[in-house]
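Trainee: Could we go through the sheet and the packing around it, taking one question at a time?

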Amino acid sequence: MPYLGIDVGSVATKVILLSDHQQIEASVAKPTLGEPEKAAVSALERIRKDRPDLNGLPIAVTGSAREFIGQRTGAVLVKNEITAQAAAAAHYFPRVRTIIEIGGQDSKLILLRDGLVADFGLNTVCAAGTGSFLDHQAQRLGLSLSDFGRLAMRSQSPIEISGRCTVFAESEMIHHQQSGVLPEDIVYGMCRALVRNYLGSVAAGKELEPPVAFQGGVAYNPGMVRAFEEELKTRLVIPPQPEMMGAIGVALLVQKETLSHHPSVNERAESLGL
Ligand code: ADP
């Protein structure tokens, strides 16, 4: 039996359809736009349109409005984002010890030991270093997100941004722009500042042991990947759909829970030693 995982994000609401062999059969992301229920229902409808046979599947929800969306969608499991992100990472990368997760409006650090959450850090208050800040800066510089990433990879002498706060960072960048600094050096200087900010806040006092996975939509940004890799002096492990890891994680968790409550005939027979 397949399973549905929903992750209600600040930027996008994602739905994953996971087969009983834990393969991704479908994935849909809809802009949340402040209306998580609308986004979740529309993503579910999208999946059900292609697969009308899927009514009544077990649903699990994570993300910011998870309790509410859980009720509205008849979910059988609601889990916090740390547990969901960790479950997906442990499934795909069993050796991973550190997860950096950066989404639209918050960033997280999860330390895994033997596939279990040993510690975590969160930043839900400061916008610096989140996807929305990057989106805003790209827009301000007249760049698409893919141009932004490409430019960041070209930078040879990134600017130094000292301010930790986004307001100061923005004014420092404007100053450099007006002084004729190359856009690539501004863009990559910003990525480096965001990474230092993350390491000094979310990850303060924590040991980021490799292997390190990078999850959340910001992992698509090659400038942020480069800055983390240079700062941590290690290559990052990036899943093919980093923004989907929360939805995948809850789908894996609901499968595990469903099977433990309703073991298949074979599993029941095995547990009875038959
Ligand atoms: P949330 O779960 O909070 O909705 P996501 O994990 O979906 O957030 O991440 C959203 C962020 O990911 C966007 O704000 C954007 O900065 C970044 N992002 C998404 N797609 C891309 C892309 N193709 N290239 C660069 N950045 C991207």
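Mentor: Before we start, two strands are said to pair if DSSP finds at least two bridges between them, and helices (H or I, at least four residues) and strands (E, at least two) are DSSP runs numbered from the N terminus. This is a predicted model, in which local features need pLDDT of at least 70 and side-chain atom pairs count only at pLDDT 80 or more, while totals for chains, interfaces and linings use all residues. Residues are numbered from 1 along each chain as its sequence is written, and side-chain values use heavy atoms, with hydrogens and water left out.

Trainee: Which residue in β7 is the bridge partner of Ile-99?

Mentor: Strand β6 covers residues 98–102 and strand β7 covers residues 107–113, and the two pair in the antiparallel sense over five bridges. A hairpin through four residues joins β6 to β7. Within this pairing, the β7 bridge partner of Ile-99 is Ile-110.

Trainee: What is the strand order of the open sheet?

Mentor: β6 also pairs with β9, in the parallel sense and over four bridges, and Glu-101 has Lys-108 as its bridge partner in β7 and Gln-215 as its bridge partner in β9. The edge strands, each pairing on one side only, are β8 (116–123) and β10 (236–237). With mixed pairing, the five strands have the order β8-β7-β6-β9-β10.

Trainee: How many of the residues of β6 are buried?

Mentor: Buried means under 20% relative accessible area, exposed means over 50%, and partly exposed lies in between (1.4 Å probe, protein chains only). In a regular strand the side chains alternate between the two faces of the sheet. Here Thr-98, Ile-100 and Ile-102 point one way from β6, whereas Ile-99 and Glu-101 point the other way. β6 is mostly covered, and the number of its residues that are buried is five of five.
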